Amino acid sequence: MSRGSSLSGPGLAARAIFAFRGGLVMLGVIVFVASAAVTAWPRFADALLTSDLHYRVEQAGPVNTDLITSVGVTDFYAYGPDRAASLWRAMPGTLAAARAAMKPDLRSVTTAGDFTSRGSRLSLGPPADAEPLSRYAVQLEGYERLRETADLDSGTWPAASTVASAAPIQIVMSTPVAALFDWKVGQVRSVALGETEQPIILVGTVHPRDASDDFWQLDRLRGDGLFADRGDQGKEYAAVVWVDPDSWPAMTSSFLPVTTVGWFGMKPNAFAAGSLAAVQAQLDHFLANPIRAQAGDPVSLRFATSLNAALDAFLARAEPANTLFAILVAGPIGVALAVLVLGVRLALGRRREALALMASRGASPLRLRSGLAVEGAIVSVPAAAFGIVVAFALTPGSELVGPPLAFGALCALAPPVILAIVAGALGPRDDVGAERSARRRWGWVVEVIVVGLAALAVVALFQRGLTPPNAGLSVDPLLAVTPILVALAACIVVLRLYPIPLAWLAGALRRRRGAVAYIGVTSSMRSRAGGLWPVFAVVVGVSITVFSVSVLSTERGGIMEGARSRVGADLSVTAGSLSAAQIARVKAIPGVAHTAVVYWAGGVIVNHSGQSDLISGYLVDPHELAPVEASLPASARISAALEHPPFGRTAAVVGGWTSTVPVTSAVLVAGTNLHLDVRSFDYKPGVYLWDAQWIFLDKTALTPRAGITGTPSTVLIALKPGADSAAVHAALVSIGGKGATIGDAASEAKVLRAAPLISGLELIALASIVLSALMCVGALLLTLVMNAAARTRLVATLRTIGFTSRQAGGLIGWELGPIVVAGLIAGLAVGLALPAIVLAPIDLSGFTGGPTAPAVTIDPVLLALGVAGFVAITVVATLVALVGARLRSPATVLRAGGE
């Protein structure tokens, strides 16, 4: 054989590949799409979770996330007043050593340590034109980095100063606070220092260089000061002022008690979802071990933070979202698997005769299977590699590498492996009938196993209940696999049952005129249009579309429901005291349907469990409140919780308690003690509640002897359908006046939707619908291509005996029609059942921001659009097949068949 001969082994392989280039190109496209999808999914989910983690930590703010320690030094401190100065000098090294002792994951998300030292509150002389009973106070603070975090607006930075000298102490303060105090640069005022007075002079005013810096966020008193109108008791002003930091250690003994505060800030963008568990574990270890500061004698610094609460809140949203991502992506992946199997079957079907011929000439089964595997690998490996590259390019925000590469590699290996396995008993004695007999013999066993697994998965989900809140960010495999198992079981049921109505229909059509319908029905019964996989593609595609619509509808409805629960109504207006005229104006706003007034009763005393608590009391009329809360979940309605107390008891709703309040032994101490029937809320049912602990009482059940009265402080508003929420909001701002707080459910919903996790879930749901639809198109087209030769011969034969093009098109419609109709019906049934099966074990309350899991809803408009889209896909695929059949000449087809 000459060198380079086309009859050599490689030459024959190349010719075989070239002859089947169309099928291999189609297989390559399928592998590319599948590998890109399965590689991008974990990276996109990781990037989305990490982005939402950044958002949550940033939104929580430094006051809730920083690691903070505080040490107070008083006159009675065991080691004397000089300890404050020693601690000031020791803090830089102590904080540096503490950060160095952090474990790597925790250290990577924290900033360098920082600290301040602040003296006691001192009474300050008022300005000349101050109102009577006005009280002014300042606290002197030393901060080494003040010139790095603030810019001068006027004056100069403070110079070195000493206490009890002739010259006043030089200070600077925030520009807005200086205006609040009516204090001009260069003016001298005095502070009370024991029995003497110490003059201080304002030498400059400053503003934050970055208002988001931890120094300004940890204490808003620094930048904004404090103003409180105490009514008959006068007005109160307070501020923080800064001295020269080098002079501060010598001053500390004069301004006792002195509090030194150190902190480590957080770097929100340094957090990663993948390392969150390690950060939490290392944080617990750091907080449990105090740091020693060498301030003369050792001082223990214990750090505290609310960072864990922010991370737990993130996990409450991320855990269900991550599982939903897996479920939504499992649909397109399942359809892609069906399309891949169909593509492999198409490739094998077109090569079977050639392979049988090669076997008859002496080729071993191993040679044939390895040849098929190599041909598949030549296409699948480059296609999968290209898909992986595209997936990495589309998800630059993720650092996840291992799992995505593994998924992409599986896509590359699947076609050659499936080609080698599905090839069957290739050889000169290839008995197709025996192969089919074996499939029938074992097929029912596999079907029973699949249906049994689907039933067991559903039962296990219902018996298990809600996913535990500490499940972490790992995907629940049972929840992820159950939809595919249910869809596969539905396919098996369809394939087993759908010949029954077809047989009945064939019997009915046999007695009618016209051959198209009868031939189409009988052909469909024989071929089943490719068997399981086309049905599986349609069922999974339709069911995931319906499920995605349900997820979108539930998420949007749940967010709005959660927003209303956080406000307490559609809108609310809160002020120190609302007059009867203001309340009447609120009721008269166009678009307002119902209103309810909340009365602030001040502090009330509740005795329980042998202890007494002074908490903020609120009074409401449940009958007035009920229509306002009609749009809230039943378990979140204060009015419902205040209904039907036992005889002799007063209904109460409490919240914010650190201990459980006994239902039968709580007593409210008043003019007449009230025995309470307590219902506990684990969330704040309104933005107007700023108290750590609170109690709602039924206003109508209180007798005058109880002596509990209240001042109207909040009006809750329910809008009429179609009312302009923005217009009502603007009217409330006008009525409430300066300082009023407006609660707006629409604004709260926008805040909830601003989280990356919410927008990401909607994007994944829409992408799942689109990908499933595209994959279904591929499955239907491949099904038609697999039967193209037989169909073309049938159409050519029928046209030679007088069938019209319309009749030929009707036969093609019958080829796909029964399977598609059955798949659509089964897919709708599975899609409508999946939310009840899959969403029930997932607690979406943390995800939607509400106190309870939102009710599962399905938007009928979106559902109709999804079903219409699949019908349109079927029509397009049928038309493509019809056009392909028409392009073939009947004479050519019949001549080829005769040969």
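Let me start with burial: a residue is buried under 20% relative accessible area, exposed over 50%, and partly exposed in between, using a 1.4 Å probe on protein chains only. Helices (H or I, at least four residues) and strands (E, at least two) are DSSP runs, numbered from the N terminus.

This is a predicted model, where local features need pLDDT of at least 70, side-chain atom pairs count only at pLDDT 80 or more, and totals for chains, interfaces and linings use all residues. Residues are numbered from 1 along each chain as its sequence is written, and side-chain values use heavy atoms, with hydrogens and water left out.

Confidence next. pLDDT is the predictor's confidence in each residue, from 0 to 100. The protein chain averages 79, and 79% of the residues score at least 70. Strand β6, residues 169–174, has the highest confidence, at 95. Helix α30, residues 890–898, has the lowest, at a mean of 45.

Now strand β4, residues 135–142. Seven of its eight residues are buried. Which strands pair with it? Pairing takes at least two DSSP bridges between two strands.

Strand β2, residues 110–118, pairs antiparallel with β4 over two bridges. There, S117 stands opposite G142. Strand β3, residues 122–124, is also antiparallel to β4, with three bridges. S123 stands opposite A137. Strand β10, residues 235–242, runs parallel to β4, joined by seven bridges. V138 stands opposite A239 in β10.
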